[in-house]
Amino acid sequence: MQRQLEELSETLQFPSLGDTEVLLANPSLVGSLVSDECHSKPGTSPCRREDFFDLRKEDSVKNYSRKHFEDHAGNKQDRIIPKEVCSLPSALDSLNEILTEKLWSRNVILFLDYDGTLAPIVDDPDRAFLPEETKTALLKLTELGIPVAIVSGRARRKIQNFVNIDTLYYAGSHGFDICGPNGYIVPHQVAGDTLPVLGEAAEIIKEQIVQKYPGASMEDNILSKTLHYRRCSPNIIPELEKKLDNILDCFPQLQKTYGKCVFEIRPKFDWDKGKAVEWLLSALAMNSPDVVPIYIGDDRTDEDAFQVVVKKGVAIIVADESEYATFANFRLKDPSEVRKFLFQFWISKVQTVASKMSCGKSLSNCQSC
Ligand SMILES: O=P(O)(O)OC[C@H]1O[C@H](O[C@H]2O[C@H](CO)[C@@H](O)[C@H](O)[C@H]2O)[C@H](O)[C@@H](O)[C@@H]1O
C-alpha cells in the first residue's frame, strides 16, 4: 500500500497534478488504494463495530451509552426531520450522487470528527492513533487546496498531536477552541473564563468518582472534561452518573453531555460543534451559497454539526445499521469506510481536473486550457 501511494505521489506532481491520465488508465491502482484494511499503530486494538451497539448484551456498558443516542436526535425540535440511521444510503454507494459536476463546480470544505470517524474506537483514549493511510488521504486532499478541519471533543493540542498535519484547521474541546494554519484565521476560544470552575469540578469528580469506581477515568480536554466509563462494570454506571449529577448541581455554569461511553462536562454556553462549523465557514469566508460543506462524524455531539451542514451540504454519520435517529443524510460503516471515502473523493477531484482539459493534453503540458 505505502509503495503504491509513493508511486502515485511521484506520478502526480501536486499542485500542478502532472500526468493524471496515468491514474485514470490504472483502475487497479485506485482499487488498491481504497482497500478494506485499516491499520492502527502497533499495540492498539481497533474496536469491532458490534462492540458499540451490542444488542445481545442488554445491560452492557455500550447499551447504557446507546440510550443517550436514542434520546438525542429524536427529541430535538427542528425543521430538519431526523431519519433512522439504518434508512440512510451509504456515502460510498452514493459517491456519484455526492460528487456530481454541480458539486465540483463549487468549493468544498471538509469537516471531520476524530474518534470513531478517522481513528477507530479503542479502550485506551491515549492510544487512538490515526491510521497512516488516513493521514495520507488527508494530506492529499489539502494538497489539492481543499480546506480540511478536524472538529473534536479532545483538547485542541491533543488532537493536533494525533493528526500532526499543520495545514489543517482544528476545533478542539467540542469546538470551544479553534485555530487554523499560521496566519489563516485568528484563534478563537469560547467560554475561557469557565476554566477555573471546570478545574475545580474536575478535582471533585476525580476524588469522588474516579478514585472510587474501578475502570472510571478522567480525561482533561481543557475546555471540557471527559469522564470515561468504557472500562467500568455495567452495574455501577447508573450510580456513577447519579454521583456526577449531584456534583454538577453545585456548578450551575457547567453541563453534562453524552458521548460513546463517556460523560462530557463542559461550560453551559450556547456553543457546540455546529456553532464551531458556522464560525469557521464565516471566518474562512466560505458561508456563501457556492460552498458545499461536508461533515463526517460518529458521535452525539456531531448531530449539532449535521444540522448546520445538511441544509446546504453533505452530512455523513459513521455508524452501523442502527435504529436511532440522526440528522445526517448519508452513512459510512466505520473509519475504514471513511478512509475509502476520502481517497475516492480525492481521486474524483483529480479526475475532474483532468477531464476539464479540453485539448486532451496533460495539465502540465497544456498551455491554453
Ligand atoms: O469528538 P471526538 O473527536 O469524537 O471526541 C469525543 C471523545 O472521543 C474520545 O473518546 C472516545 O474514543 C475513545 C478512544 O477510542 C474511547 O475509549 C471512548 O470510549 C470514546 O468515547 C476521547 O477520549 C474523548 O476525550 C472525546 O471527548
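Colleague: Ile146, buried or exposed?
Modeller: Buried: the relative accessibility of Ile146 is 7%. Buried means under 20% relative accessible area, exposed over 50%, partly exposed in between, with a 1.4 Å probe and protein chains only. This is a predicted model, where local features need pLDDT of at least 70, side-chain atom pairs count only at pLDDT 80 or more, and totals for chains, interfaces and linings use all residues. Residues are numbered from 1 along each chain as its sequence is written, and side-chain values use heavy atoms, with hydrogens and water left out.

Colleague: Where does Ile146 sit?
Modeller: In the loop between helix H7 (132-143) and strand E3 (148-151). Helices (H or I, at least four residues) and strands (E, at least two) are DSSP runs, numbered from the N terminus.

Colleague: What is Ile146 in contact with, leaving aside neighbours within four places in sequence?
Modeller: Val108, Leu141, Phe345 and Lys349. Contact means heavy atoms within 4.5 Å.

Colleague: Switching to the whole chain. How many helices and strands?
Modeller: The chain has 13 helices and 14 strands. Of its 369 residues, 58% are buried. Take contacts between residues at least 6 apart in sequence: 65% of them join residues at least 24 apart.

Colleague: Now the open sheet. What is the strand order?
Modeller: E7-E8-E10-E9, four strands with antiparallel pairing. Two strands pair if DSSP finds at least two bridges between them.

Colleague: Which strands stand at the edges?
Modeller: E7 (217-220) and E9 (254-259). Each has a single partner strand, so one side of each is left without a neighbour in the sheet. From one strand to the next, the twist averages 25°.

Colleague: How many bridges between E8 and E10?
Modeller: Four, between E8 (residues 225-228) and E10 (residues 262-267), in the antiparallel sense. His228 has Val262 as its bridge partner in E10. Lys225 stands opposite Ile265.

Colleague: And how many for E9 and E10?
Modeller: Six, again antiparallel. Gly259 has Val262 of E10 as its bridge partner. The two strands form a hairpin with two residues between them. Cys261 in that turn has a positive phi of about 55°.

Colleague: Is E10 mostly covered or uncovered?
Modeller: Mostly covered, with six of its six residues buried.

Colleague: Which strands does helix H9 lie across?
Modeller: Helix H9 (residues 195-210) lies across E7, E8, E9 and E10, at about 15° to E8. Helix H10 (residues 237-249) packs on the sheet too, touching E8, E9 and E10. The direction of H10 makes about 155° with that of E9. Axes are lines fitted to C-alpha atoms, for helices over the stretch in contact, and angles run from 0 to 180 degrees between N-to-C directions.

Colleague: On to the ligand. Which residues come nearest?
Modeller: Val122, Glu219, Arg230, Lys260 and Lys273, out of 21 residues around the ligand. The cut-off for being near a molecule or strand is one heavy atom within 4 Å of it.

Colleague: How far is a polar side-chain atom of Glu219 from a ligand oxygen?
Modeller: 2.6 Å. For Thr226, a polar side-chain atom lies 3.4 Å from an oxygen atom of the ligand. An N or O atom in the side chain of His228 is also 3.4 Å from a ligand oxygen.

Colleague: How much of the ligand does the protein bury?
Modeller: 100% of the 570 Å² that the ligand exposes when taken alone. Accessible areas come from the Shrake-Rupley method with a 1.4 Å probe; for residues, only the protein chains shown count as cover.

Methods
Polar contact = N/O pair within 3.5 Å; in protein donor to acceptor, adjacent residues only side chain to side chain.
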